[in-house]
Amino acid sequence: MKKRPKLLLRHRAKEVRAMYNKKAVLLGIIAFIILMTAPFWLNAGREHKKLKLEKPQFEKECVEPIPWMNPGHMQLLDNWRNEVVRESKRDYTSEHFKVGHVNKKFKKSLTLTCLDCHKNKKKFCDKCHTYAGVKPYCWECHVAPEEKI
Ligand code: HEC
Ligand code: HEC
Ligand code: HEC
């Protein structure tokens, strides 16, 4: 009579331990899978964020929206250059952004417009280009404001 409860208890303890062991193994496997695949998940969406590009402090909008600017900024700059150099057209009207009812206007200029907002070329343009493995040759002639002195 005395021993029974003890036995019962020991028995339950074993069961409980076995249950925890199973759980631990399962958790271990899940943790392992998460760890092994984490780099993929993290890279997919966040690599860009991890770059920590320096954004303009006061301005909230680019010349055009980001989904447009990201793939399109080289084409935009190419158009600007051609229009300025060949046609002397120096004013650009944003297709998307307005002040009141009037579309925003910008001077078509690599250094005086883009780098006026993106003041730190190194921590913005260069950082992303280095990551992407591109090296625009523009700076052989154009001089970024911060590099003037
Ligand atoms: C009026 C200020 C202003 C001007 C001028 C400007 N930008 Fe921007 N740009 C911004 C701001 C603010 C952001 C961030 C917007 C956001 O995060 O929603 C941005 C974002 C960007 C991005 C996307 C960065 C990212 O994290 O994906 C690129 C690329 C870019 N600008 C390139 C340019 C280029 C090239 C020019 C010149 C043709 C230019 N910008 C002119 C203010 C400006
Ligand atoms: C979020 C990333 C990112 C940012 C920020 C960025 N660029 Fe780019 N840029 C790229 C990528 C990617 C390419 C290459 C695209 C391609 O080859 O199709 C590129 C290409 C270019 C090119 C064409 C280069 C060539 O040789 O064809 C120019 C010019 C350029 N960027 C200017 C700028 C300037 C100026 C800024 C800063 C105001 C800037 N970019 C900011 C990602 C970025
Ligand atoms: C061989 C020298 C040289 C190279 C390299 C060069 N440019 Fe230019 N760029 C000029 C000259 C000169 C002008 C005319 C300046 C003017 O009339 O304001 C100009 C004008 C421009 C303009 C309009 C005016 C302004 O203030 O920005 C843009 C935009 C431009 N270039 C973009 C680019 C981009 C983007 C690249 C690189 C993909 C590039 N340029 C490479 C010499 C060069």
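# Ligand shells, a bent helix and a hairpin

Helices α2 (66-87) and α3 (110-117) each supply at least two residues of the shell around ligand 1. Here helices (H or I, at least four residues) and strands (E, at least two) are DSSP runs, numbered from the N terminus. A residue is near a molecule or strand if its C-beta atom, placed from the backbone, lies within 6 Å of it. This is a predicted model, in which local features need pLDDT of at least 70 and side-chain atom pairs count only at pLDDT 80 or more, while totals for chains, interfaces and linings use all residues. Residues are numbered from 1 along each chain as its sequence is written, and chains are lettered from A and ligands numbered from 1 in the order in which they are written.

**Around ligand 1**

- The shell of ligand 1 holds 20 residues, and the closest are Glu 59, Cys 62, His 73, Cys 114 and Cys 117.
- Helix α2 gives the most to this shell, with six residues.
- By class, the shell around ligand 1 has 11 nonpolar, four polar and five charged residues. Ala, Val, Leu, Ile, Met, Phe, Trp, Tyr, Cys and Pro count as nonpolar, Asp, Glu, Lys and Arg as charged, and the others, Gly among them, as polar.

**Around ligand 2**

- Ligand 2 is surrounded by 16 residues, the closest being Met 74, Cys 125, Cys 128, Ala 132 and Pro 136.
- Three helices, α2, α3 and α4 (122-132), each supply at least two residues of this shell.
- The largest share, five residues, comes from α4.
- The shell around ligand 2 has 12 nonpolar and four polar residues, and no charged ones.

**Around ligand 3**

- There are 16 residues around ligand 3, of which Arg 81, Val 84, Ser 109, Cys 138 and Cys 141 come nearest.
- At least two residues of this shell come from each of α2 and α3, and α2 gives the most, with five residues.
- The shell around ligand 3 divides into 10 nonpolar, three polar and three charged residues.

**Helix α2**

- Helix α2 bends by about 75° at Gly 72. The bend at a residue is the angle between axes fitted to the seven residues ending there and the seven starting there.
- The end C-alpha atoms of α2, which has 22 residues, are only 27 Å apart, short of the 32 Å that a straight helix would reach at 1.5 Å a residue. That expected span is 1.5 Å times one less than the number of residues.
- One of the 22 residues of α2 is buried, so the helix lies largely in the open. A residue is buried if 20 or more other C-beta atoms lie within 10 Å of its own, exposed if 12 or fewer, and partly exposed in between, with C-beta atoms placed from the backbone.

**The hairpin**

- Strands β1 (residues 91-99) and β2 (residues 102-107) run antiparallel and are joined by five bridges. Two strands pair if DSSP finds at least two bridges between them.
- Asp 91 stands opposite Lys 107 in β2.
- Two residues lie between β1 and β2 in the hairpin, and Gly 100 in the turn has a positive phi of about 65°.

- Most residues other than glycine have a negative phi.
- Lys 52, in the loop between α1 (3-50) and α2, has a positive phi near 50°. Lys 52 is exposed, with 9 other C-beta atoms within 10 Å.
- Ser 88 is not a glycine either, yet has a positive phi of about 55°. Ser 88 sits in the loop between α2 and β1, and with 7 C-beta neighbours inside 10 Å counts as exposed.
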